[in-house]
Amino acid sequence: MIGADGLARPAWATDGLLREYYDTEWGMPVRDERGLYERISLEGFQAGLSWATVLRKRPAFRSAFAGFDPEAVSRFGDDDIERLMSDAGIIRNRQKIEATIGNARAVLALRDDGGLVDLVWSFRPAVTPAPRTAAEVATTSPEATALSKELRRRGFRFVGPTTMYALMQAVGLVDDHLVGSHRRGCSGLWSG
């Protein structure tokens with residue numbers, strides 16, 4: 001869709017917070033442990049909900065989950081789970097909360113084996129998609145399926161193939177900006 005500024009954006013990114021996210025963050029490389037852990041966590045919370053809901057609650061999530069510091073979150077216990085379940089600022093889903101805590105522990109365990117960043121980025125495909133229409137934008141890929149399988153093997157939860165493809169889009173592993181979009185190639189990892 002063409003916005004008032006004359007720039008084409010996907011239908012999901014035409015207004016307010018989502019447009020700002022699309023224009024400044026979506027598809028940009030994330031290569032730090034905390035940043036990837038946060039995105040994996042938020043993508044997990046998004047499962048079954050809209051990204052707009054998660055994005056609006058991101059400041060509250062950051063506060064509730066110690067800035068997504070995996071070391072701090074890995075120490076969360078039953079009292080923290082109950083605290084989070086009563087926090088109206090976040091999505092109060094016990095399974096997702098427990099997964100986020102467990103995933104923090106899995107992040108720490110990965111440090112002895114190359115780390116989260118190297119693991120996630122090892123699934124970057126050789127070629128990125130080049131969708132011309134929204135209908136051509138994928139919802140998963142062989143690489144996302146393989147990443148999901150490997151993260152699950154490492155103890156992660158809420159990391160299904162569709163969720164991992166959304167992660168790959170969000171952190172620049174693939175460039176799913178439509179061909180011709182002003183954001184195509186913005187990551188610097190893929191040519192337009």
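Student: How much space lies in the second largest cavity?

Tutor: About 30 Å³. In general, rolling a probe the size of a water molecule over the atoms shows where empty space is left. Here a cavity is a set of points, on a 1 Å grid over the protein atoms alone, where a 1.4 Å probe fits but cannot get out. Points are joined across faces, edges and corners, and the volume is the space filled by probe spheres set on them.

Student: What should I know about the model itself?

Tutor: It is a predicted model, where local features need pLDDT of at least 70 and side-chain atom pairs count only at pLDDT 80 or more, while totals for chains, interfaces and linings use all residues. Residues are numbered from 1 along each chain as its sequence is written, and side-chain values use heavy atoms, with hydrogens and water left out.

Student: Which residues line the second largest cavity?

Tutor: Tyr21, Glu25, Arg39, Leu42, Trp51 and Arg58 do; a lining residue has an atom within 4 Å of a point. The elements giving two or more residues to this lining are α2 and α3. Helices are DSSP runs of H or I with at least four residues, strands are runs of E with at least two, and both are numbered from the N terminus.

Student: How many cavities of 30 Å³ or more are there?

Tutor: Two. The largest cavity has a volume of about 50 Å³. Among the residues lining the largest cavity are Ile40, Phe45, Lys96, Asn103 and Phe158. Two or more lining residues come from each of α2 (33-46) and α6 (94-110).

Student: How do I read two packed helices?

Tutor: They are described by the angle between their axes and the distance between the axes. The axes of α1 (residues 16-24) and α3 (residues 51-64) come within 10 Å and cross at roughly 85 degrees. Axes are lines fitted to C-alpha atoms, for helices over the stretch in contact, and angles run from 0 to 180 degrees between N-to-C directions. α1 and α3 are therefore roughly perpendicular to each other, a label for angles of 65 to 115 degrees.

Student: Which residues of α1 meet α3?

Tutor: Leu17, Leu18 and Tyr21 in α1 meet Trp51, Ala52, Leu55 and Arg56 in α3, where contact means heavy atoms within 4.5 Å.

Student: How many helices and strands does the chain have?

Tutor: Nine helices and zero strands. Along the principal axes, the C-alpha atoms fill a box of roughly 50 × 35 × 25 Å.

Definitions and conventions
Parallel < 35°, antiparallel > 145°, perpendicular 65-115°, else oblique. 1 Å grid on protein atoms, 1.4 Å probe; cavity = no way out; pocket = protein on both sides within 12 Å on 5 of 7 lines; lining within 4 Å.
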